[in-house]
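Subject: Structure handover

Dear colleague,

I am passing the structure below to you, and my notes on what was found in it come after. Please read the two together.

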Amino acid sequence: MGTPTLGHYLVLSGLLFAIGLAGVIARRDLLIMYMCLEIMLNAANLSLVAFSRFTQQVRGEVFVFFVITVAAVEVAVGLALLVSLYRMKRTTKAEEITALKF
Amino acid sequence: MEGFLFWFLAVVLLGSAVAVVVNRSPVASALSLVTTILALAGLFGLLGAYFLAAVQVWVYAGAVMVLFLFIVMLLDLKAEEAAPIRTLGMGAGLLTVILLGAGFWHAIPASAWEANGARAEEANNAASIGHLLFGAYLLPFEAVGLLLLVAMVGVIVLSKRDV
């Protein structure tokens with residue numbers, strides 16, 4: 001168990017992203033899909049922070065700051081949409097919301 | 001010590017992320033997501049990004065997760081618990097994980113980045129981020145502030161019963 005290198009962090013971030021993607025594909029509940037989206041955003045953040053620390057550039061961490069802010073905005077708006085959708089349809093399942101389906 | 005902490009946090013991170021995906025109950029998923037986010041904050045701290053570790057705990061583990069749990073309670077999603085996870089979707093998801101994981105595993109060590117180089121020495125973290133935010137990135141910073149305001153107004157409009 002030596003000191004972790006940049007490669008360790010990147011592989012970890014890739015695996016985390018893959019798990020989040022799998023969740024978005026596999027789950028049908030919109031709320032859980034949101035949580036998996038958050039996991040994917042966090043995986044991207046991890047790789048940005050790792051790059052920033054290993055290349056001695058603080059700019060990567062500033063990007064992560066912006067990503068966290070935008071993710072918070074996305075969650076707030078998305079959950080408000082989810083609530084108003086639930087009021088209309090009484091469901092949060094992705095496959096039962098078919099108004100725009102061709 | 002750093003190696004041990006890294007592997008410990010990595011196992012907690014991936015395990016709780018899998019728990020978010022496979023848990024039936026939305027509350028259990030949300031709590032697993034809190035664990036994921038805390039483990040990630042630990043990794044940020046391990047990397048020396050202390051300011052981001054703190055922001056991660058405040059914004060994600062605090063604000064965002066409270067929002068998620070509020071919505072779970074508000075929508076009373078208990079009925080959804082019985083819904084089975086699509087087997088086809090789970091297969092596709094597993095395949096995605098394996099393919100992406102194998103791809104990263106092979107691509108990252110082979111890339112031009114010095115993947116095995118030593119970590120940089122630590123700078124004064126919060127201060128240098130602050131200087132960048134209010135210096136070179138002042139315009140994006142203001143834009144993000146505007147975005148937050150727009151989102152706040154939008155959420156209030158969306159959640160009013162009769163607009």
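The notes below begin with conventions and then turn to the contact between the chains, a helix pair and the annotated spans.

This is a predicted model, in which local features need pLDDT of at least 70 and side-chain atom pairs count only at pLDDT 80 or more, whereas totals for chains, interfaces and linings use all residues. Residues are numbered from 1 along each chain as its sequence is written, and chains are lettered from A and ligands numbered from 1 in the order in which they are written.

The contact takes 61 residues from chain A and 75 residues from chain B, where two residues are in contact if their C-beta atoms, placed from the backbone, lie within 7 Å. On the side of chain B that touches chain A, the largest share, 13 residues, comes from H4(B) (helices are DSSP runs of H or I, at least four residues, and strands runs of E, at least two, numbered from the N terminus).

Within chain A, the axes of helix H1 (residues 6-26) and helix H2 (residues 30-54) come within 8 Å and cross at roughly 165°, the axes being lines fitted to C-alpha atoms over the stretch in contact, with angles from 0 to 180 degrees between N-to-C directions. H1(A) and H2(A) are therefore roughly antiparallel to each other, a term for angles over 145 degrees.

For chain B, UniProt (unreviewed entry) places "transmembrane region" at spans including 57-75 and 128-158; such annotations may be inferred rather than shown by experiment, and positions follow the numbering used here, with feature names shortened. Residues 57-75 of chain B are 100% helix and 0% strand, with end C-alpha atoms 25 Å apart, while residues 128-158 of chain B are 87% helix and 0% strand, with end C-alpha atoms 38 Å apart.

Best regards

Technical notes:
Parallel < 35°, antiparallel > 145°, perpendicular 65-115°, else oblique.
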